[in-house]
Amino acid sequence: MVFDSIKKLPLLKDYDAGEWVRFHQASEICRTALSERGYRRIDTPIIELTELFLRKSGGELAAQLYSFTDPGGYEVSLRPEFTAPVIRHIVETRQLGHLPLRCEYSGPVFRYPSVDEFNNGMSGSFTQSGAELIGSGGPDADGEVISIALDGLHRLGVDSPTVSLGHVGIIWDLLMQMDLSERAQLFLINCVPMLAAGDKEVVSERASQIGLLENGEAMAMRGTSTGASVEQIDAVLGHSLGSSYSGSLGQRSTDDVLRRLTNKIKTKDSPEAVQTAIDLLSKLSNISGNPAESIAQGRKVIKGASLNDENLGILEDIVMAVEKAGVEANDITVDLGLVREISYYTGVVFDLKSGDDQVLGGGGRYDSLVTALGGDRETPAAGFAYNMDRVIARSETLKNG
Amino acid sequence: MANLRLALPSEGALYGPAGDFLRECGLNVSRASSRRYTATIPSLPGVDVLFQRSSDIAGEIDGGSADIGITGLDRFLETHQEGGDSVTLFEDLGFGGASLVIAVPDGWLDVTSLADLADLALEFRQRGQNLRIATKYQRLVSRALHRQGINYFTLVHASGGLEAAPVMGYADLIADISATGTTLRENGLRPLIDGVVCNSQAAIIGNARLLAADEKKLSLTREILERVESFMRARDFQRVSANIEGETEAQVAEKVMAKRDLAGIHGPTVASVFSDDGKTWFGVQMVVRRTDMIRVVDHLRALGGSGISVSQADYVFRAKCESYEELLGKLAYQDAR
């Protein structure tokens, strides 16, 4: 009997002997560099409960999870990154009493590519090496993380690596200052990458589509296809007072629907405020380049909107701390439109780039992840990770083995 | 060599239209009786038609029990093995149009957009509940929801009669294919304003590995694609002919070409008319876009044209069959993998 040949899965790749040596060397270079700074290597299982990655990461990353039910009936996923597993490990093994902790790791992560990425030949897995500094906050801790990230790239043989800094805390703060609802804040922060790419029209269109650019009355009065009409409200409200509503509400009660509807109308953002926020974020997210100039420009834009620009001072402090930690001033740029796709970041975020501007990795500060994963105390933390497949392709010393 | 196995929907919304479409393309399917699950295409010997459930066709092609097939793009996107052997050969056949939409009970006055749903999902979560969504499209729906930041939901797999799920109580909302929204409305459901997960219509799909391995199958596939593509294109074009008085062919052609955009895709064909009325007439023929027809007629009238007639071309071919060329590209890509 002749059997069909069995192929590897289309989205994954094999590493041959030469490639394995390169990855092994690169991993050792990272381990050596980081251990000099007091970081200890840890490893976590490739498979974790799916919930670990949904709790705070969410969004695009959640859509890319390799998820399945394991033979024991657990809903699990292949890890798409290391940060959540590392924090899970530290919380679970009760190490929060011994802070700060310095951990580093290296291994495969799995992200199912989107259609576009797939068509561009993106693989479903790559090797990530990185480090986390848990229990240290403030600019100096950010400086440490960013400087070792850049130092590592130098040691890995990447020619003139640079770092581009942004700060999601600044954007959150501005949205809070503008007194927007949580719903609007979430919408707007998710739109920053689009605004940074110059797609302000698309953002405005989406905002009006979901009703953020119209007033509360108009929203409540809109017809059945898009909102609740007065007749509908009456139908549900009337019935809630007397007999039960004849339509289906699933697991929900009429009180629940009405409470949320009232709340939605009450907390309705003023369309002007939403438009102002879109304009502001659009301007802000297009500012990038030299740190001092970008921050000055940012201050001007924020003051122009009559908002408090104090928080930009934090970014200034971080830039200074990064320089103090040994990074050349020329290797630092600021990009006020940088928000990384993983939603647990709370402070500084950064992209690590090669001399020819390819993103080789990144990271940021995530001060609320520890408690979100069940830690019993507020714990500041920050980290970075490289995409080693990209790093090796750019490395002068490693790429040809 | 083996015959090309063409899978067609045996039931559902695409069953009738798929047969009609093939007949219009000159590929009439001859089925001995409606209870037989195999048929032939007399105008294209070498093709075995297999009637399969619409939802199974992508799987049949992945698994190699059929070579090509017609199914909804939605079913293909939901069920095919991504990056595997099956590929689309023609994505927009112009029938079977519908959208996969997320719809909530009418009474959920507070939920009109995905943002509202995200909010509600979090509240459910805090109460220890999960939003339950009934759908046949687990892959497409879960991806779309995750991309919107909606992480806490349970997909309830159900086939058929999804619209009743909220009333029957086994789901809170649904995600289903809808052509006009009527069925949703009649069942007390309302699509979210930004709730379209994907737009779909009937598509031709095929197993690239099997086609690449068999010249006969590939050649029959080319013939089908040629007919489909030229038939689809013919809908956009019309043949116009008229008689115009003039001195020479070149002089008439020049007059017609004075308005280049109204002078046919490749320019007019001009030939002498042998008439007995003592005048020098020339017959002018050209293929024009359907949307330009009236302007072309006006242009010919202004040149003194008479006997202007417009007819429908059955097929319009280009130098190459574009969808077949695309398929060859996909086969080469598969081969390189």
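This is a predicted model: local features need pLDDT of at least 70, side-chain atom pairs count only at pLDDT 80 or more; totals for chains, interfaces and linings use all residues.
For reference, helices (H or I, at least four residues) and strands (E, at least two) are DSSP runs, numbered from the N terminus.

Residues are numbered from 1 along each chain as its sequence is written, while chains are lettered from A and ligands numbered from 1 in the order in which they are written.

Next I looked up helix α11 of chain B, residues 293–302, and saw that B:Val296, B:His299 and B:Leu300 are buried. Buried means 20 or more other C-beta atoms within 10 Å of the residue's own, exposed means 12 or fewer, and partly exposed is in between, with C-beta atoms placed from the backbone. The three share one side of α11(B) because they cover an arc of only 95 degrees around the axis, taken from the directions from the helix axis to the C-beta atoms. On the other side I found B:Ile294, B:Arg301 and B:Ala302 exposed.

What do the buried residues of α11(B) pack against? They pack against β12 (237–245), β14 (281–289) and β15 (306–312) of chain B. Contact here means C-beta atoms, placed from the backbone, within 7 Å.

Then I stepped back to the whole chain. I noted 12 helices and 15 strands in chain B, and buried residues make up 46% of its 337 residues. Its C-alpha atoms fill a box of roughly 95 × 55 × 45 Å, taken along the principal axes.

Conventions. Two residues are in contact if their C-beta atoms, placed from the backbone, lie within 7 Å.
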